[in-house]
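Student: Hi, I have a model open and I'd like to talk it through with you. Can we go piece by piece?

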Amino acid sequence: GYLQEQAGFTRRGKGGAELEACKLVFAAYEHGTSRAQDPQLHTHALMMNVGVREDGTTGTLATRQLYNHKMAAGALYRAELARQLEQRLGLRSLQEGSSFRLEGVSQDLAEFFSKRRAEIARKLTAHGSSGGVASERAALPTRTNKDHRPRAELIPEWQKIGREMGFGKEELGDLLGSPRNQSDDELRLKARLRALTAFEELTDRQTTFTEAQLTHQTAKLAQAEGVGLDLVLAAVEERLADSNIIRLGQVDGQVRYTTKEIINLEENLLARAKRMGELSAEVRVLDRHRAEALADRPTITDEQTGAVLYATDSAKRIAIIEGDAGTGKTFMLGAARAAWEAAGQRVIGVALAGKAAEGLEEGAGIESRTVASLLMRAEWEEQQGGEQVKNPVSDSNTVLVVDEAGMIDTKQMDSLTSLVAKRGAKLVLVGDQKQLQAIELGGSFAALGQELGTYRMSEVMRQQDPEHRQAISKLAEGEAGEALGFYAEKG
């Protein structure tokens with residue numbers, strides 16, 4: 001029913017440009033065993049690639065929405081399954097990762113009857129792989145031909161194993177009972193609380209979200225609570241109607257949502273950065289300071305030289321440099337640091353991870369620390385009444401270099417720009433939009449670049465061989481197949 005409502009569409013018109021609602025066609029097969037002849041009651045639900053339109057005609061499915069909602073559908077199924085196991089059989093469930101397990105069933109018994117899972121795990125270990133996609137791939141080569149033994153033969157064997165492992169009729173009887181005595185109001189409240197938690201988790205990590213993402217997260221949290229599909233969907237609908245949530249436009253066929261707080265945070269950040277971009281640095285770096293720094297580095301390339309000139313330009317108090325991996329950003333920053341110091345400025349650096357801060361200090365000679373450390377010092381200083389001696393970003397004579405800036409989340413970026421603006425210092429952001437993104441609210445590095453402009457570094461220096469450079473460029477452009485094909489040919 002959920003997939004029918006959210007993903008029941010076919011195409012019509014020239015080039016299939018028009019979407020039209022249609023009835024989905026499923027074939028469902030109950031299955032009682034795994035390929036390893038373990039008890040594994042499940043249903044195969046096969047969706048045909050055909051939709052029946054209102055006028056009786058048929059067409060192939062438009063599958064994007066099916067893809068968009070597949071994770072939510074899976075989580076809803078598990079939440080409803082756990083609810084019905086409790087309501088109809090009195091079985092209690094416990095949350096376990098993104099799924100659940102039955103309370104009172106020993107882990108030893110569960111693992112014994114999970115031979116297929118063990119086969120896949122051994123395959124993953126042998127190849128040093130992990131994760132859902134790798135598990136799916138490992139499932140295919142480890143498949144054996146199905147041995148169609150009747151349940152009448154298998155059930156006595158399973159019962160014998162259960163008794164030997166301390167799980168017989170008596171133990172099963174102890175698990176079967178009455179469902180928890182929960183009123184409709186209690187269940188609705190639980191669903192609302194799970195939807196609120198899901199919403200907070202999503203908006204802690206990303207600036208926008210979809211209804212499918214909120215449904216997926218809510219259903220995942222609702223498992224083992226006695227809350228099924230209907231209450232989850234009602235709670236999600238209620239949360240999206242909250243006055244704090246803003247409905248944005250569509251991306252890839254899905255409406256995206258955000259919050260007033262996130263919009264205000266981004267607007268304030270961009271407005272502050274724009275003001276900084278229009279102000280000149282109070283301490284000027286002269287041509288001779290740059291010339292001395294560049295002369296000490298005879299191997300510096302024209303592109304790196306351009307980046308140094310851009311970073312040390314005193315006309316702007318904020319500079320953004322974007323560069324692919326291996327383009328020599330750290331080497332370039334070493335030259336910029338020499339120019340700033342020749343002009344009498346103090347240069348300090350920050351990065352999200354301590355390892356990256358160490359790399360910036362060792363590679364560019366810039367005194368560095370983590371972003372969290374710097375912001376904690378700034379907060380402590382405010383609590384002490386503004387004793388600036390404790391804060392490395394002390395005045396307009398300071399340049400703050402943020403390395404791997406694409407990994408800095410929006411809240412931290414807002415705090416950094418606020419700190420630098422308050423002190424009258426200069427801010428230099430260096431990073432790569434295509435590398436690892438922020439763990440929490442992301443996208444600020446890209447947004448600042450679009451607002452203020454960037455200097456782009458694309459000439460790969462780390463790889464000397466032209467073919468290797470080409471492969472790295474292909475990876476940076478997202479053409480992984482071509483790059484990996486090149487490496488495969490080279491053995």
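Student: How do S12 and S14 pair, and over how many bridges?

Tutor: They are parallel, with five bridges between them. Keep in mind as we go that this is a predicted model. As one example of a facing pair, Gly349 is opposite Val401 in S14.

Student: And what about S12 and S13, over how many bridges do they pair?

Tutor: Four bridges, again in the parallel sense. There you can find Ala351 opposite Thr370 of S13.

Student: Is strand S12 mostly covered or mostly open?

Tutor: Mostly covered: S12 spans residues 346–351, and five of its six residues are buried.

Student: Which residue does Arg346 meet in a salt bridge?

Tutor: Glu367, at 3.0 Å from N to O. This pair connects distant parts of the chain, since Arg346 sits in strand S12 and Glu367 in strand S13, 21 residues apart. Arg346 has a relative accessible area of 35%, so it is partly exposed. Glu367 is partly exposed too, at 34%.

Student: Let's zoom out. In what order do the six strands of the open sheet come?

Tutor: The order is S13-S12-S14-S15-S11-S16, and the pairing is parallel. Strand S13 (367–370) and strand S16 (455–457) are the edges, each pairing on one side only. From one strand to the next, the twist averages 20°.

Student: How many bridges join S11 to S15?

Tutor: Five, between residues 318–323 of strand S11 and residues 426–431 of strand S15, and the two run parallel. Ala319 has Val428 in S15 as its bridge partner.

Student: Which strands does helix H13 lie across?

Tutor: H13, residues 302–311, lies across S11, S15 and S16. Its direction makes an angle of about 155° with S16.

Student: Switching to charges. How many salt bridges does a search of the whole structure find?

Tutor: It finds 24. As background, side chains of opposite charge can pair when their charged atoms come close.

Student: Which residue pairs with Lys411?

Tutor: Asp204, with an N to O distance of 4.0 Å. Here too the link is between distant parts of the chain: Lys411 belongs to helix H17 and Asp204 to helix H8 (residues 184–205), and they are 207 residues apart.

Student: Are those two buried or partly exposed?

Tutor: Lys411 is partly exposed, at 42% relative accessibility. Asp204 is partly exposed as well, at 40%.

Student: What about Arg337, which residue does it form a salt bridge with?

Tutor: With Glu341, and the closest N and O atoms are 3.1 Å apart. Both belong to helix H14 (residues 329–342); they are four residues apart, so about one helical turn separates them.

Student: Is Arg337 buried or exposed, and why?

Tutor: Buried, because its relative accessibility is 17% and the buried class is under 20%.

Student: Which residues are linked with Glu20 in a network of salt bridges?

Tutor: Arg12 and Asp55 are linked with Glu20 in that network.

Student: Now the surface. Which residues make the nonpolar patch?

Tutor: Val25, Tyr29, Leu46, Met48 and Val52 make up a nonpolar surface patch of about 400 Å². The elements contributing two or more residues are strand S3 (23–33) and strand S4 (39–52). S4 provides the largest share, three residues.

Student: Where is Met48, and how accessible is it?

Tutor: Met48 is in strand S4. Its relative accessibility is 32%, so Met48 counts as partly exposed.

Student: Last topic, backbone angles. What's the phi of Gln37?

Tutor: About 65°, a positive value although Gln37 is not a glycine. For context, most residues other than glycine have a negative phi. You'll find Gln37 in the loop between S3 and S4, and at 15% relative accessibility it counts as buried.

Key:
Residues numbered from 1 in each chain as written. Predicted model: local features only at pLDDT ≥ 70, side-chain atom pairs only at ≥ 80, totals over all residues. Heavy atoms only, no water. Pairing = 2+ DSSP bridges. Axes fitted to C-alpha atoms, helices over the stretch in contact; angles between N-to-C directions. Contact = heavy atoms within 4.5 Å. Patch = residues over 30% accessible without salt bridge, like charges linked within 9 Å, V, L, I, M, F, W, Y side chains within 5 Å. Areas by Shrake-Rupley, 256 points an atom, 1.4 Å probe, with all protein chains shown as cover. Salt bridge = Lys/Arg side-chain N within 4 Å of Asp/Glu carboxyl O. Buried < 20%, exposed > 50% of the residue type's maximum accessible area, 1.4 Å probe, protein only.
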